[in-house]
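User: Hello! I am new to this structure and would like to learn how to read it. Could you walk me through some features?

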Amino acid sequence: MARTKGSGKSTAPKKPWKKILYGSREYPDNYTDSSFLQELRTNVHVHTVSFREAILGAGRVTNAICIVVLFSIVFVYLYNQLVDANTVFVYSCAGSILGYLWYRSQSDFQNGYWTCFYRDARMVAIFLSVGFASSPILKTLTETISTDTIYAMTVFMMLLHLCFKDYGVSPALVSSSLSFNAAIFGSICLASRLASSFHAFVLLSLSVEAFVLLPLLMVEAGRSLCILILVISVTIGALWSLSPPMTVFFVLLICFVNLICPIWFLKWQIHKENIYGPWDEAVVEDADNIVS
């Protein structure tokens with residue numbers, strides 16, 4: 001029996017430490033011994049990304065940027081009356097119908113084709129009716145704000161849309177609702193600068209098609225480099241007709257996103273080190289999926 005120094009009382013030796021929650025209280029709650037790190041593992045589930053995968057991943061960001069640029073180009077054309085609003089509405093509706101048919105051809109109709117078609121057609125009819133009826137209100141909603149402030153707010157909202165958009169990963173920064181609302185609010189700001197309520201209705205309808213429906217098609221077609229090149233080419237051609245200097249800046253931005261960033265990612269991924277061990281890892285839930 002061991003004796004404590006300076007006293008006649010004896011103390012029994014401590015039992016070996018065990019990794020259990022409820023047990024002997026001889027050790028502090030935060031105590032660990034050398035066996036605690038024996039289960040440490042590094043880079044257990046690491047996936048090595050190829051250069052093609054990195055480019056396609058960056059292509060999702062490029063697609064989102066191209067959509068914002070194309071939407072802004074349509075606004076400039078409507079604002080300067082370089083194109084008729086009826087023409088934009090007809091072409092956007094035709095593109096939406098073709099995209100819908102292609103998207104539905106890739107889907108599995110569990111409830112029947114005509115049931116899904118009737119449901120979708122009813123939603124479109126409700127949206128068009130409500131949108132057309134509320135377009136005069138939405139046009140005058142920000143009409144009293146100066147044009148410079150409107151443009152600054154729109155740029156900020158579109159940047160917010162791009163920052164919080166879901167690009168196929170699940171970091172804490174992703175918020176689909178915030179991204180969508182920012183894009184729609186930016187569209188409402190721009191709609192107040194147009195000539196009539198019908199112009200505002202066309203632009204707002206186009207914003208829903210661009211920021212809600214078109215990304216769904218981009219997800220299905222985002223695995224193809226040919227489609228990515230086609231989207232970039234169309235955007236460059238449309239932007240060149242308005243501003244060659246902005247086109248040069250856009251090309252430099254696309255080169256940075258699609259070439260420089262993937263190269264940096266491939267260079268730095270060898271330094272990635274995820275650790276796994278006998279401790280609880282914090283899990284950040286998506287704010288959009290939290291049910292109060």
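User: Which residues is T235 in contact with, leaving aside its neighbours within four places in sequence?

Analyst: Contact means heavy atoms within 4.5 Å. Here, T235 touches C66, V69, L70, I73 and F250. This is a predicted model, where local features need pLDDT of at least 70, side-chain atom pairs count only at pLDDT 80 or more, and totals for chains, interfaces and linings use all residues. Residues are numbered from 1 along each chain as its sequence is written, and side-chain values use heavy atoms, with hydrogens and water left out.

User: Is T235 buried or exposed?

Analyst: Buried means under 20% relative accessible area, exposed over 50%, and partly exposed in between (1.4 Å probe, protein chains only). T235 has 0% relative accessibility, so it counts as buried.

User: And W268, buried or exposed?

Analyst: W268 is exposed, because its relative accessible area is 52%. The residue sits in helix 8.

User: How many disulfides are there?

Analyst: A disulfide is a covalent bond between the sulfur atoms of two cysteines. The cut-off used is a pair of cysteine sulfur atoms within 2.5 Å, and the structure holds 0 of them.

Terms used
Helix = DSSP H or I, 4+ residues; strand = E, 2+ residues; numbered from the N terminus.
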